[in-house]
Amino acid sequence: MTKPEVVVTGLGATTPLGGDVASTWDAMLAGRSGVSKLTQEWAEQLPVRIAAQLVVEPSEVLDRILLRRLDRSEALGLIAAAEAWKDSGLDRDSLDGERLGVVVGSGIGGAQTLLAQDDILEASGPRRVSPHTVPMLMPNGPAAYVGLEYKAKAGVHAPTSACATGAEAIAWGLDMIRSGRADVVIAGGVEAVIHPLPIAGFASMRAMSTRNDDPEKASRPWDKGRDGFVLGEGAGIVILERADHAAARGARVYARLAGAGMTSDGYDIVQPHPEGEGGARAMRVALRDSGLAATDVTHVNAHATSTPVGDMAEVGAVQGVLGAHPVLTATKSMTGHLLGAAGALESIATILAIRDSVVPPTINLDDPDDALTLDVAAHKARPMQIPAALNNSFGFGGHNVALIFARA
Amino acid sequence: MTKEEIVTGLAEILEEVAGVNPDDVSEEKSFTDDLDVDSLSMVEVVVAAEERFGVKIPDDEVQNLRTVGDAADFVLKQA
């Protein structure tokens, strides 16, 4: 059976670099950092006092009453989905809701709601706990709200695979269309956990950068001076559509989602496999699924989070699967690590790299690790032909997702 | 506390919790049918009203409070 072709017809995002896709992409190409000091009082006691915070607050975009019943992660999902939907030119009235699906996940979910309502419970008792608490903190909340907004009836799903979530959502979206369950899928990831508890938890794992005095230099994938990831918040959403459905309505097509690979390490709950074995298998599956040759894939948007171990294992895995030719980049050097939204935001960067024939830069790569054997678009964006590109996302729990996008 | 004062107080709560325009609030208006207050928001309204007027509104009673006037009468009785 031949697989139906799936294309990307809409993009939406709200990120530490901008309130939409265009401003985020401009900032990326300019090599700007979205990382800044946390000036909130609660940050003073933390070992980590930097993060990549949103440029545009949800309260600047959404109605006050709606925001009262949304966790921040849900609000970000609705904002990014609205942009992607508008961008796609789809019409709610003419699209059959039974052919519209949603796959939107989050790494951690409504933690901010959980913690805020626990404070209320402790201080004022159970009767003061908001009746909106459960729909705000449930991990499927962002997907469910997006599904409600666009009246999606083909199925609303919320995959959860830590930092691979956003990419996994796109992979399941591809699957939904290929298997005939939907013509259009709103897919992506959200995350909003810039709060002392998650930061303290990650910091206790010694996973985060403590370069508190120099926030813009803190996220430095592949650099010898890297000392952990920088937490970011935001959302990325793409509109996936069966190619003939998009063609029939004359939709503008950004790129083709050519293939996806999902594997698991079976190795450790948080440590990445030292040789990136599971990641390599995911890339191999995606390549086979795409039907493309390794030489077609000229660019890789790497997972590269700026942690000492993971960054180098991935480089070896990429080289083992694709060869020595791909030009790498790590956009987390600018956006920080958006956890469950990372794979979706980086898919958007990968798609726009293909459209504009340019690889966004990896900033702060001042002193490359000796094991960095592949070419990286360091410091400056690099114009080049990109027939196809791969986006890697790996998550705690040993989840590996590789997505391959290709010129339509 | 007069009934008018209670209605004004309820209008302020409804604006804060559910975004209802205070000009739309009057005694004969139904919370659900006229003012679009859904069940979860109604819970918020009740808790806020208890706090503001210093009364207790048992859950069994809430279903009887169909209109703003019903709620104002109940508060008046308890106060």
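**Where the two chains touch**

I started with the contact between the chains, in what is a predicted model. Chain B brings 6 residues to it and chain A brings 5. Which element of chain B gives the most here? I found helix α2 of chain B, residues 39-53, with 4 residues on the side that touches chain A. I then sorted that side of chain B by class and got 4 nonpolar residues, 1 polar and 1 charged.

**Two domains in chain A**

Next I turned to how chain A is divided. Domain 1 runs over 7-248 and domain 2 over 260-406. I took their centres over C-alpha atoms and got a separation of 20 Å. In the contact between them, 60 residues of domain 1 of chain A meet 56 residues of domain 2 of chain A.

Which elements of domain 1 give two or more residues to this side? My list for chain A reads β1, α1 (21-29), β3 (50-52), β4 (100-106), α7 (165-178), β6 (184-191) and β7 (234-242). Helix α7(A) has the largest share, at 8 residues. By class, I noted 32 nonpolar, 19 polar and 9 charged residues on the side of domain 1 that touches domain 2 of chain A.

**The sheet**

Then I traced the strands of chain A. I got an open sheet of 10 strands with mixed pairing, in the order β5-β4-β6-β7-β1-β8-β14-β13-β9-β10.

Strands β1 (residues 6-14) and β8 (residues 255-264) of chain A pair in the antiparallel sense over 2 bridges. A:Val8 sits opposite A:Ala255 in β8(A). Helix α10 of chain A, residues 277-290, packs on the sheet and touches β8, β13 (388-395) and β14 (399-406) of chain A. I noted about 145 degrees between the direction of α10 and that of β8(A).

**One helix up close**

Last, I checked helix α13 of chain A, residues 342-356. Its 15 residues reach 21 Å from first C-alpha to last, close to the 21 Å expected at 1.5 Å a residue. Is α13(A) mostly covered or mostly uncovered? I counted 13 of its 15 residues as buried, so mostly covered is my entry.

Key: Residues are numbered from 1 along each chain as its sequence is written. Chains are lettered from A and ligands numbered from 1 in the order in which they are written. This is a predicted model: local features need pLDDT of at least 70, side-chain atom pairs count only at pLDDT 80 or more; totals for chains, interfaces and linings use all residues. Two strands pair if DSSP finds at least two bridges between them. Two residues are in contact if their C-beta atoms, placed from the backbone, lie within 7 Å. Axes are lines fitted to C-alpha atoms, for helices over the stretch in contact, and angles run from 0 to 180 degrees between N-to-C directions. Ala, Val, Leu, Ile, Met, Phe, Trp, Tyr, Cys and Pro count as nonpolar, Asp, Glu, Lys and Arg as charged, and the others, Gly among them, as polar. Domain bounds come from an automatic or database domain assignment. The expected span of a helix is 1.5 Å times one less than its number of residues. A residue is buried if 20 or more other C-beta atoms lie within 10 Å of its own, exposed if 12 or fewer, and partly exposed in between; C-beta atoms are placed from the backbone.
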